[in-house]
Amino acid sequence: MDVPSELALRLRDRFLEIGYTIDGVRERLGDVAATALAREEIVPALRATREGDPLAVFIRLWWLGVPVSAAAPDLPLHDLIDAGLLARVGDTVQATVGLRPWTVSSGAEGPYDSDGSAWVVSDRKVRPGDPGLRADHVVGAGGASTNLAQLAWTGPVGRVLDLGTGCGVQVLHLAHRADRIVATDVNPRALRLARLSWELSGVPSQRVDAREGSMYDPVAGERFDLVVSNPPFVISPDSRYAYRESGFRGDEFCRDLIRRAPGHLRQGGHARFLANWLHVRGEDWQDRVGGWLAETGCDGWAVQRDVQDPAEYVELWLRDSVEQSTPAYRERYDEWLTWLESMGVTGVGFGWIALHESGSRNPVVRVEELRQRVEPPVGAHVPDVLRAMKDAYAMTDQELLDTPLAVADGVVEERVGPPGADDPSRIVLRQTRGLRRTATVGTVEAALAGVCDGEIPARPLLAAIAELTGQDVSELLGRAPAELRTLVAEGFFRVAITR
């Protein structure tokens, strides 16, 4: 595939002219068809685009992946066929790639149009009945792409590594705020399609350095201010598809990716990854992932967003490669389950990992599970999370008691109990912003939340609460630090004075 720059610019201009953008497609299809398309159901979209106007033709050709008449308007057929983007099929033409609009919320001046319109080039979406995936299949942008873009959100940043760029979507999100990006992939075909994604979306070619290679090999000896990756994390007995499977055993690819990251971070640099990890019989998954982070010597935060049992996991990825109706489905399913069982796997977790090369002699690590919706972009909260972890664990018990605390912004209290009861059966602190965590607390912690103002240290406030509630002051002060440390680490209380 060889797409001249002049043709890419003509396509881009035409996309903008006819409204082949996320908003334009949604408006053209209507709510019902657009919602169905988000579920990969294309029949309503086919019905909505029967009229054959230019936007309808582009939606059918580039998004839905169905043939259109070779006499369709506004298609530079010969140029697109010569470039390898279209193939003639009788008196119709069909796209050889998927070319979908994407939206980038830049929040700043950058290489995109003011509305954030961009386009992503990948292989066409494979549906039941289509030929199977090719080994070098390039998957398009989707939910995981959005998750990583949200996690990788930062302010202006210097040098960035996008490891495993795929169709190049993360570069689209990073280009407006990064000075320089190195984008790597083991699949040379992915790099070719990614370059077209960047060119169509107006990313200056001099801003991105695309390199072929596995893991960190293409950037040996180099360091970055930010490393991001949506890696081939799928845990599989073999490596059939480059975009999702690494060939490493179990979750060793993700472990190695995390372990080697500090060698490519500048002082103060960050790394943000999506990952899978195993739940193994007789082992705490938090210890497993926490061990990965501890090996780095960086401040680290790992969050499990979902966990699937082995059968759910295998079904997910067999659906991903559209193998449900193939003769080999049952055999492949059984082989995969047998392999997972041989390692004692009881489940597979999915989530994100953030590292910070802070230079601290006492790095802090936190591993937790968050199933609730969080306030986007989650990357904006990472510095606050790491700071709270530092504040919570850098102090001794006595230092914590002698430190003024304040309730974090957005924290509310909820009391649960029978109507008319004198005392609640449960008191909950809830974050209405950020990560939206909840914590069930006792009456002492609830009372402290009601009076701490960031000026008076916790010790005298807790002593006063003990006297009011008839508790032994020494006993209360002895057990309070453990509870307070957790509430500070989780962002319910904040340290008002930096020590």
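**Classification of contacts and packing**

Analyst: Both Arg366 and Glu490 are buried. The model is a predicted one.

User: What makes the pair Arg366 and Glu490 a salt bridge?

Analyst: The N to O separation between the side chains of Arg366 and Glu490 is 2.7 Å. The criterion is a side-chain nitrogen of Lys or Arg within 4 Å of a carboxyl oxygen of Asp or Glu, and the pair Arg366 and Glu490 therefore qualifies. The partners belong to distant parts of the chain, 124 residues apart: Arg366 lies in strand β13 (residues 365–369), and Glu490 in the loop between α18 (473–489) and β19 (493–495).

User: Why is Arg10 called partly exposed?

Analyst: Its relative accessible area is 36%. Buried requires under 20% and exposed over 50%, so the value for Arg10 falls in between.

User: How many salt bridges does the whole structure hold, and which residues are linked in a network?

Analyst: The search of the whole structure finds 35. A network of salt bridges links Arg159, Asp209, Arg211 and Glu222.

User: Why are α2 and α5 described as roughly perpendicular?

Analyst: Helix α2 (residues 22–29) packs against helix α5 (residues 54–64) at about 110 degrees, the axes being 11 Å apart. Angles of 65 to 115 degrees count as roughly perpendicular, so the term applies to α2 and α5. The contact brings Ile22, Gly24, Val25, Arg28 and Leu29 of α2 to Leu55, Ala56, Ile59 and Trp63 of α5. By class, the residues of this contact comprise 7 nonpolar, 1 polar and 1 charged.

User: Which residues touch the most other members of the largest nonpolar core?

Analyst: In this core of 68 residues, they are Phe15, Tyr20, Trp62, Leu75, Leu85, Trp198 and Leu200. Helix α5 supplies the largest share, 8 residues. Beyond its neighbours within four places in sequence, Tyr20 has contacts that include Phe15, Leu55, Trp62 and Trp119. Another core, of 61 residues, lies apart from the largest one, and among its members are Val234, Val367, Leu370 and Leu386.

How values were computed:
Residues numbered from 1 in each chain as written. Predicted model: local features only at pLDDT ≥ 70, side-chain atom pairs only at ≥ 80, totals over all residues. Heavy atoms only, no water. Buried < 20%, exposed > 50% of the residue type's maximum accessible area, 1.4 Å probe, protein only. Helix = DSSP H or I, 4+ residues; strand = E, 2+ residues; numbered from the N terminus. Axes fitted to C-alpha atoms, helices over the stretch in contact; angles between N-to-C directions. Parallel < 35°, antiparallel > 145°, perpendicular 65-115°, else oblique. Contact = heavy atoms within 4.5 Å. Nonpolar A, V, L, I, M, F, W, Y, C, P; charged D, E, K, R; others polar. Core = buried A, V, L, I, M, F, W, Y, C linked by side-chain atoms within 4.5 Å.
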